[in-house]
Amino acid sequence: MVSTRDAILASAEQRFVVSGYAGTSVRDIAAGAGIDAALVIRHFGSKESLFLEATRLQADQALALDGPIETLGRRLIEAMLAPNDRVKSVFIALLRAGDNNGVSTRLREAHEEFFVEPLRARLSGPDADLRARLAASVVGGLLYSLWAVGDEALAAADHEAVVARTAPVLQQLITPS
């Protein structure tokens, strides 16, 4: 049996992805969970707190940054092209709600926690932090083009061609010559 908390989270995640933060009410979420709106507030305190919880990626959904560093650029681009509806939905929901102060803070935290910090830990050299941030911008730009903009030509392009052209750019940031 699904707990009330889990039902609220599932309803919130689905509604935030479809309607965005501003277009989703606590009543909409409660209706989707089959409960009274007061229970949403009892469990999460506020719509913003619920949004942040519903869009939190778990560690097992983070990018795989392990393995040989010499091929990390290729593996990251391949991972971006592989379907992952949960990561996509969270990315879009956070992007749409980015003008909310608490949400923009969470977006920055997720950026740091799930990409910049783990990648920086693998890099060496005095500019490791800058290179990790630039690598994140390359990956984020690809996600933005695919998921937020919905670039159909890019999405339909041969994945190996996208990997072949993009991975070297990313790899140069990871292991500069």
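**Close-up views of a predicted model**

View 1. Y144 is partly exposed because its relative accessible area is 41%, and partly exposed lies between buried (under 20%) and exposed (over 50%), using a 1.4 Å probe and protein chains only. Y144 sits in helix α8, residues 128-148. Helices are DSSP runs of H or I with at least four residues, numbered from the N terminus. Together, L95, Y144 and V149 make a nonpolar surface patch of about 270 Å². Such a patch joins nonpolar side chains (Val, Leu, Ile, Met, Phe, Trp, Tyr) within 5 Å, from residues with over 30% relative accessible area and no salt bridge. A salt bridge puts a side-chain nitrogen of Lys or Arg within 4 Å of a carboxyl oxygen of Asp or Glu.

This is a predicted model, where local features need pLDDT of at least 70 and side-chain atom pairs count only at pLDDT 80 or more, while totals for chains, interfaces and linings use all residues. Residues are numbered from 1 along each chain, and side-chain values use heavy atoms, without hydrogens or water.

**View 2. Helix α1 and its cover.** Helix α1 holds 16 residues, 4-19. I8, L9, S11, A12 and F16 are the buried residues of α1. Their cover includes α2 (26-33), α3 (37-44), α4 (47-54) and α6 (85-96). Just after α1, G20 takes a positive phi of about 80°.

**View 3. The loop at G125.** G125 lies between α7 (101-122) and α8. G125 counts as partly exposed because its relative accessibility is 47%. G125 and P176 are 51 residues apart in sequence, yet 9.8 Å apart in space, C-alpha to C-alpha.

Methods. Patch = residues over 30% accessible without salt bridge, like charges linked within 9 Å, V, L, I, M, F, W, Y side chains within 5 Å. Areas by Shrake-Rupley, 256 points an atom, 1.4 Å probe, with all protein chains shown as cover. Helix = DSSP H or I, 4+ residues; strand = E, 2+ residues; numbered from the N terminus. Expected span 1.5 Å × (residues − 1). Contact = heavy atoms within 4.5 Å.
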